[in-house]
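Please keep the sequence and the coordinates at hand while reading.

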Amino acid sequence: MSLLFKNLRIHQVFGANTDVGKDYSHVRSRFYLKPVSTGPMQDADDEHVKRYAGPRKDLVEAQCLYRFDEPVSPHLAASMAAEKKGAQSVVLPADDGFVASIASYIRKCASGLTERSHMYIETAGGVHSPTLSGTTQLQTYRPLFLPTILVGDSRLGGISSTISAYESLLLRGYIVDTVLLFKDEYYRNWEYLEPYFAEYGVKVSAVEHPPPREADPGRNLVITEEYYRQLSSESNTGLRSVVEHLDERHEERLRELHGMARRTLDTVWWPFVQHGLIKDERDVNVIDSAWGDHFTVFTGHKSPPASAAMQGSLLEPQFDGSASWWTQALGHAHPSLTLAAARAAGRYGHVMYPQATQKPALRLADRLVHDGPGKGWASRAFISDNGSTGMEIALKMALRVATKRFGILPQERKRIGVLGLRGSYHGDTIGSMDACEEGVYTCEWHEAKGYWFEPPSVGIKNGRAKINIPSAFMHENVEGEPLSWIYNVHARLNTPLAAAYRTHINASLKKLTDGGAPPFGALVLEPLVLGAGGMIFVDPLFQRILIDAARARGLPVVFDEVFAGLWRLGVPSAASLLGAFPDVSVHAKILTGGLVPLAVTLASDDVFRAFEGTSKAEALLHGHSYTAYAIGCEVANETLDQIERLARGDEWKAARAAWQEEGGQERHDVDEDRAVWSMWSPLFVNALSKRGIIDQAMTLGTVLAFKVRSGDTGYQSHSAQALLAALGDATGEAGRDVTSAPGGAHFSIHFRTLGDVAYLMTSLNTPRATIRAIEDRILALLSR
């Protein structure tokens with residue numbers, strides 16, 4: 001979480017290498033922080049800053065947070081200290097604790113500051129040098145997202161190391177405000193670097209090299225003091241221009257952030273937003289950056305101006321409670337994903353795909369068909385750009401199969417409909433909308449083609465799981481059974497409820513046929529959860545029996561797993577819980593970890609063969625300019641690699657273990673692909689379901705949803721939004737000095753609602769502490 005103050009101008013100092021003079025660049029600043037120092041005390045950079053602070057020495061505050069004796073890399077110095085003193089006497093923070101300690105120190109320095117001041121935070125060694133934990137500095141410091149000074153290398157080879165350091169910073173999103181290096185009249189690196197960086201809009205400044213260190217300490221003190229006096233004198237325009245440039249960049253950033261909300265309201269047309277309800281700039285969420293599960297949002301336009309001394313950071317962390325419209329899998333700006341994107345962009349850019357191949361696309365198709373959600377049934381992968389497009393492709397595939405299978409005549413083909421569920425949503429393109437009944441998401445050109453069953457749903461009320469069964473099924477609600485039983489579809493196939501489902505489905509389909517309904521070409525399902533339709537957790541037994549009924553009639557089955565697939569609900573595919581494979585399935589959102597758009601439509605061999613022939617007109621004539629673009633495919637492959645590691649990790653094992661005890665029934669024999677579990681605590685979900693204002697709650701995997709009890713129901717209700725409005729206020733965590741947010745700051749929660757239904761969603765790697773903190777906030781809010 002970045003920190004931004006009106007008066008305190010903070011810059012983080014990275015070096016292109018070790019011993020390039022980072023400490024010389026800011027000796028006479030007001031605040032100086034060296035988070036980690038290694039080596040003898042007399043050589044410590046913070047002591048150097050104090051020693052040569054000049055006439056304002058009493059005003060300079062220089063600090064070091066973690067100090068070690070050995071002059072080696074911080075991770076090694078810490079390890080050697082633990083070996084020497086004993087592990088119990090050397091307590092090392094994890095990366096989040098390390099970052100929180102830096103952020104806390106920054107906030108302390110900024111508190112009550114009434115005049116313009118500068119603060120410099122100096123890293124150790126080069127940009128990739130390890131921190132205490134062994135994580136590289138670029139990754140460890142990234143949650144702070146502070147504007148950066150890069151101190152270049154003036155020595156032989158320094159041009160290359162400086163440019164490499166800059167590109168490494170850039171790949172991780174850092175803002176590099178300036179490059180500073182010494183003047184070496186022999187190598188003259190600055191002469192090359194100035195025009196090079198000018199192409200990127202980065203100012204390069206060169207300052208005189210410090211004098212060689214004298215053996216006599218007294219003499220060394222005198223000449224070094226004189227060097228700094230000249231460097232900081234009014235006549236030295238070089239260094240003064242650097243400071244002025246940093247001030248200008250700070251002011252530019254403030255102006256830009258202050259103006260973004262107004263410019264947005266004047267220019268942008270948002271999706272799924274009623275602009276008539278937007279009052280003013282305060283309704284605009286200005287996101288400065290993002291990291292992990294949090295946005296960093298600007299708040300300067302949301303409150304009346306405070307005095308500079310009273311004003312805290314103008315940026316605050318905000319938990320991304322919708323996983324950025326259900327896309328986030330590994331958190332924002334995950335370094336492995338950003339590097340994967342750069343890797344493919346550098347190798348391929350974008351290349352044509354029809355009748356061609358390239359490694360990222362081929363690897364993705366192979367793993368999804370043979371080892372991923374297509375394992376056991378799919379033979380082909382069609383790669384497209386987003387979920388709605390993927391569903392358009394799926395519909396074309398399925399309807400072609402039905403047309404051939406049933407011999408539907410050309411004049412009848414335009415009347416083909418689909419079977420589905422009420423509340424379904426398959427995207428915003430016309431064909432995908434036509435596969436849904438009339439509703440709030442449809443448009444003037446929409447023509448609903450099909451029949452949609454009202455689905456039984458699963459929820460938890462008063463700590464007990466419940467199957468809510470519509471009256472048309474002539475069966476009472478089922479209560480008291482554990483979720484593990486509800487999602488054990490195979491064990492329920494011969495129950496009275498299963499018989500009731502079969503009777504209703506078969507009678508409905510017979511009535512449609514007898515009444516002369518248009519032919520049906522496919523069963524199209526959002527398996528397990530209807531997302532945009534209100535986060536409706538459908539009874540999996542009903543979906544299984546509907547699949548069986550469709551198969552008995554020869555209908556292809558389409559799974560829209562754009563939202564629910566790839567572990568979003570705790571399983572790689574809904575097929576493992578339903579006990580039935582589709583003929584076509586669509587995957588997106590989590591597929592690329594939330595970094596770039598991509599979709600894949602998987603198809604069985606029968607579906608693929610329906611388009612095979614000797615005429616091009618028989619082929620699947622669907623595509624777009626960026627089909628199977630290498631950047632998206634490479635990011636998808638990296639995402640799947642990361643998810644495979646998470647699936648074997650301790651965090652998921654712990655969450656599964658907690659839910660195995662749900663209802664007092666353990667199911668240790670169930671394999672991971674069929675286990676019913678959630679990242680959200682079962683104790684929390686049960687407690688939530690007992691609140692009077694909550695009609696029902698439900699969770700699977702990363703998804704938590706709860707329906708608000710209100711007289712104003714449906715998508716157009718504002719009841720859930722009103723109930724949870726206070727989550728938008730940044731607060732701390734009870735009993736903790738620092739929060740689980742990056743930098744330990746108070747944080748708000750960004751959330752979206754579906755009328756009277758509220759939902760929150762984590763990434764697949766959201767820390768347990770963050771989830772528990774949000775659970776506590778929700779229960780505290782509902783207890784008011």
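A crossing of two helices is called left-handed if the near helix is turned anticlockwise from the far one by less than a right angle, and right-handed if it is turned clockwise. In this structure, which is a predicted model, H11 passes H21 in a left-handed crossing. Helix H11 covers residues 359–370 and helix H21 covers residues 630–647; their axes come within 8 Å and cross at roughly 40°. H11 and H21 are therefore oblique to each other, since an angle counts as roughly parallel under 35 degrees and as roughly perpendicular from 65 to 115.

On the H11 side, the contact is made by Pro360, Ala361, Arg363, Leu364, Arg367 and Leu368. On the H21 side, they meet Ala630, Cys633, Glu634, Ala636, Asn637, Leu640, Asp641 and Glu644. Sorted by class, the residues in this contact of H11 with H21 are 8 nonpolar, 1 polar and 5 charged.

Helix H17 (residues 496–514) and helix H18 (residues 540–552) have axes 10 Å apart and pack at an angle of about 45°. That angle makes H17 oblique to H18. From H17, the residues Leu497, Ala498, Tyr501, Arg502, Ile505 and Asn506 take part, and they meet Leu541, Phe542, Ile545, Leu546 and Ala549 of H18. The class count for H17 with H18 is 9 nonpolar, 1 polar and 1 charged.

Next comes a sheet. In general, the strands of a sheet pair through backbone hydrogen bonds, in either a parallel or an antiparallel sense. Here 4 strands form an open sheet with mixed pairing, in the order S8-S9-S10-S25. Strand S8 (286–291) and strand S25 (748–750) stand at the edges with a single partner strand each, so one side of each has no neighbour in the sheet. On average, and with direction ignored, neighbouring strands of this sheet are turned by 40° against each other.

Within the sheet, strand S9 (residues 294–298) pairs with strand S10 (residues 315–320) in the antiparallel sense, over 5 bridges. His294 has Phe319 in S10 as its bridge partner. Helix H25 (residues 768–782) packs on the sheet and touches S9, S10 and S25, and its direction makes about 95° with that of S25.

Two loop residues have a positive phi without being glycine. For Ala333, phi is near 55°; this residue lies in the loop between helix H9 (323–326) and helix H10 (335–347). For Trp567, phi is about 80°, and its loop runs between strand S20 (557–560) and helix H19 (575–578). Which of these residues is buried, and which is partly exposed? Ala333 is partly exposed, because its relative accessible area is 28%. Trp567 counts as buried, because its relative accessibility is 12%, and the cut-off for buried is under 20%.

Asp247 is buried, with a relative accessible area of 8%. Leaving out residues up to four places away in sequence, Asp247 touches Arg9, Arg116 and His118. Thr753 lies 506 residues from Asp247 in sequence, and the two are 41 Å apart in space, C-alpha to C-alpha.

Notes
Residues are numbered from 1 along each chain as its sequence is written. This is a predicted model: local features need pLDDT of at least 70, side-chain atom pairs count only at pLDDT 80 or more; totals for chains, interfaces and linings use all residues. Side-chain values use heavy atoms; hydrogens and water are left out. Axes are lines fitted to C-alpha atoms, for helices over the stretch in contact, and angles run from 0 to 180 degrees between N-to-C directions. Angles under 35 degrees count as roughly parallel, over 145 as roughly antiparallel, 65 to 115 as roughly perpendicular and the rest as oblique. Contact means heavy atoms within 4.5 Å. Ala, Val, Leu, Ile, Met, Phe, Trp, Tyr, Cys and Pro count as nonpolar, Asp, Glu, Lys and Arg as charged, and the others, Gly among them, as polar. Buried means under 20% relative accessible area, exposed over 50%, partly exposed in between (1.4 Å probe, protein chains only). Two strands pair if DSSP finds at least two bridges between them.
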